[in-house]
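Welcome! Here is a short briefing to read alongside the sequence and the 3D view.

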Amino acid sequence: MSDRDPPSAADHTDRDDAAPTDGRLTRPAEDRPPYVESTIIMTTVRVIAPFVLTLGVFVMFHGASSAGGGFQGGVIAATTVVMLGFAFGIEPIAAHLRNEHLAGLVLAGLGTFLLVGFGGYLVGDTFLQVSAYETLFHHGSKYSIELVEVGIGMVVAGVITGLFFLLGTGVDTAREATEPGEEDG
């Protein structure tokens, strides 16, 4: 049997007896449609992916002074991962961008946003009052707004990429069936 043959009924029963996957975002390969490589798509994505990612970062940084912003830039940056997933397969891309990396990206973005927001209190003003940063350094409000946009972009890119992996690879529902702290067996 080759890798591209459809699964048989015996394959499904063997898979059901397999050990639980501890809530990882995986779905057995037999349940997914076969991945078909396309040289044209792979080459095209390989060429344009760096430019799309650069555009996403550019839009994030210029949200304060021109069209764009953190949300738009984050969506464009996440599109890079989606393109790579479609071209090279979701699992190899998900193996490089593990859940811990995405959670770190989201937490770093949230931390950046909160740091700028609560920093307003440190300079004697209110939450997210970025004009107070002008007292600290030249163009302080501009740079603090850009930091907020980058933080928002990081959160959006991490969430969209995580949702893409979740939809593309599936979720192990066996762990969800047990109560937290309750062990199987």
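Leaving aside its neighbours within four places in sequence, which residues is E149 in contact with? They are M60, G63, A64, G69 and G70, where contact means heavy atoms within 4.5 Å. Keep in mind that this is a predicted model, in which local features need pLDDT of at least 70 and side-chain atom pairs count only at pLDDT 80 or more, while totals for chains, interfaces and linings use all residues. Residues are numbered from 1 along each chain as its sequence is written, and side-chain values use heavy atoms, with hydrogens and water left out.

**The chain as a whole**
- The chain has 7 helices and 0 strands; helices (H or I, at least four residues) and strands (E, at least two) are DSSP runs, numbered from the N terminus.
- Of the 185 residues in the chain, 29% are buried, meaning under 20% relative accessible area, with exposed over 50% and partly exposed in between (1.4 Å probe, protein chains only).
- Among the chain's contacts with a separation of 6 or more, 65% join residues 24 or more positions apart.
- The accessible surface of the chain is about 11700 Å², and carbon and sulfur atoms hold 65% of that; such areas come from the Shrake-Rupley method with a 1.4 Å probe, and for residues only the protein chains shown count as cover.

- E149 is buried yet has no salt bridge, that is, a side-chain nitrogen of Lys or Arg within 4 Å of a carboxyl oxygen of Asp or Glu.
- For E149, the nearest side chain of opposite charge is K142, 13 Å away; Lys and Arg count as positive and Asp and Glu as negative, while His and the chain ends are not counted.
- E146 is also buried without a salt bridge, and its nearest side chain of opposite charge, K142, is 4.6 Å away.
- Not counting residues up to four places away in sequence, E146 touches F61 and A64.

**The loop between helix 5 and helix 6**
- Most residues other than glycine have a negative phi.
- L128, in this loop, has a positive phi near 60° and is partly exposed, with a relative accessible area of 32%.
- H139, also in this loop, has a positive phi near 60° and is partly exposed at 36% relative accessibility.

**A residue of helix 5**
- L107 sits in helix 5 (residues 99–122) and counts as exposed because its relative accessible area is 57%.
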